[in-house]
Amino acid sequence: MSLSKEIKRIRHKAFLTQEDFAKELGVSFATVNRWETGKSMPNLKAMKSIDEYCKKNNIDFDISEEVLEDKQ
């Protein structure tokens with residue numbers, strides 16, 4: 001699964017809008033929108049925030065798998 005689809009899956013699993021998910025991560029709505037459409041990728045700090053959010057909310061997410069998959 002691409003990182004953009006994975007981010008959208010996480011957000012949907014948490015029943016959050018893009019705006020609410022952005023607030024949880026401390027980024028803008030536009031940033032989450034660009035991630036989900038594949039126009040940009042989260043930086044390392046954002047990836048850590050996504051990982052922390054997932055751990056806190058018991059949502060499966062493995063950063064290493066996502067990073068490796070997107071580099072292939």
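The model is predicted, so local features need pLDDT of at least 70 and side-chain atom pairs count only at pLDDT 80 or more, while totals for chains, interfaces and linings use all residues. Residues are numbered from 1 along each chain as its sequence is written, and side-chain values use heavy atoms, with hydrogens and water left out.

I begin with the overall architecture. The protein chain has five helices and zero strands, in the order α-α-α-α-α along the sequence. Helices here are DSSP runs (H or I, at least four residues), strands are runs of E of at least two, and both are numbered from the N terminus. Of the 72 residues, 35% count as buried, where buried means under 20% relative accessible area, exposed over 50%, and partly exposed in between, with a 1.4 Å probe and protein chains only. The chain exposes about 4,800 Å², of which carbon and sulfur atoms supply 51%; these areas come from the Shrake-Rupley method with a 1.4 Å probe. Among contacts with a separation of 6 or more, 55% join residues 24 or more positions apart, a contact being heavy atoms within 4.5 Å.

What does Trp 35 contact, leaving aside its neighbours within four places in sequence? Its partners are Ser 4, Ile 7, Leu 25, Val 27, Ser 40, Met 41, Pro 42, Ala 46 and Ile 50. Leu 3, in helix H1, is buried at 3% relative accessibility. C-alpha to C-alpha, Leu 3 lies 8.0 Å from Trp 35, although 32 residues separate them in sequence.

Finally, the whole structure holds one aromatic pair. Phe 21 lies in helix H2 and Tyr 53 in helix H4, so the pair ties together parts 32 residues apart in sequence. Rings of Phe, Tyr and Trp (its six-membered ring) pair if their centres lie within 6.5 Å; planes under 30 degrees apart count as stacked, over 60 as edge-to-face, and the rest as tilted. Phe 21 is buried at 0% relative accessibility, and Tyr 53 is buried at 7%.
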